[in-house]
Amino acid sequence: MSIKFLAEDDRPREKFLQKGKSSLSDSELLAIIMGSGNKEDSVIELAKKILASVNNNWHQLSLLSVKDLMKFKGIGEAKAISIITALEIGRRRAGQEIPERSIIGNSHDAYSILKNQLSDLRTEEFWAVFLNNGNKVIHISQLTQGGISQSIVDVRVLFKIALEHFSTGVIIAHNHPSGNLKPSQEDIHITQKIKEAGKVLSIQLLDHIIITQDSYFSFSDEGLL
């Protein structure tokens, strides 16, 4: 019996989409991995039987081999491999440390993060670094690529990304292929535009960095914010 034939309340994929992954029971999670049951058992019922055989313990389930799982009616080699693979991913994830996020405390920290992307380009690009309350980097994004003298950024796109990542602060940056560190009037204008838009959304513009091949200019350091 395929998932699509189950009652609406029992469809784990739909429940996942409507209520989130944490709302799913262990049997529902396993059911999504398997995809279907057999002629006698729905995928949920089959998942419950498999989990019951190992006292509803994921660690015990991970000890079962492909042949062990194939003893359950409706579990072929492909499904058995899918189950074991999912459990192996979980094991490897548990063994990995969460990578430490970079913290930006000043303009040089921001420059150090972005110089490899921007310092040696022949055309202008506009990038943004998105930060949380602790000034930790949560996302870095290239927003535009332009010509030799300018790269126009869409403020709406910038703050759409910021909202998607629950960012509370943003640092913008672009390069000057000419090597001239002095901000143009357009640079000053877009900086103020982004700063004012951020106030409405409670997302602070922390700095605007202009990067050349061997140096940088900080709007924050120069008191232009």
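Predicted model: local features only at pLDDT ≥ 70, side-chain atom pairs only at ≥ 80, totals over all residues.
**Exercise 1.** Work out the strand order of the open sheet, and say which strands stand at its edges.

*Solution.* Start with the order: the 5 strands run β2-β1-β3-β4-β5, and the pairing is mixed. Next, look at the ends. β2 (137-145) and β5 (216-218) each have a single partner strand, so one side of each has no neighbour in the sheet.

**Exercise 2.** Find which strands helices α7 and α9 lie across, and give the angle of each helix to β4.

*Solution.* Take α7 (residues 107-118) to begin with. This helix lies across β1 (125-131), β2, β3 (169-175), β4 and β5, at about 50 degrees to β4. Then move on to α9 (residues 185-201): its strands are β1, β3 and β4, and its angle to β4 is about 160 degrees.

**Exercise 3.** List the buried residues of helix α2, then figure out how they are arranged around the axis and what covers them.

*Solution.* Going along α2 (residues 26-34), pick out the residues under 20% relative accessible area: Ser27, Glu28, Leu30, Ala31 and Met34. They span an arc of only 160 degrees around the axis, so they share the same side of α2. Their cover includes α1 (12-19), α3 (43-52), α4 (58-61) and α6 (77-94). Finally, check what follows the helix: Gly35, with a positive phi near 90 degrees.

Definitions and conventions:
Residues numbered from 1 in each chain as written. Heavy atoms only, no water. Pairing = 2+ DSSP bridges. Helix = DSSP H or I, 4+ residues; strand = E, 2+ residues; numbered from the N terminus. Contact = heavy atoms within 4.5 Å. Axes fitted to C-alpha atoms, helices over the stretch in contact; angles between N-to-C directions. Buried < 20%, exposed > 50% of the residue type's maximum accessible area, 1.4 Å probe, protein only. Arc of directions from axis to C-beta.
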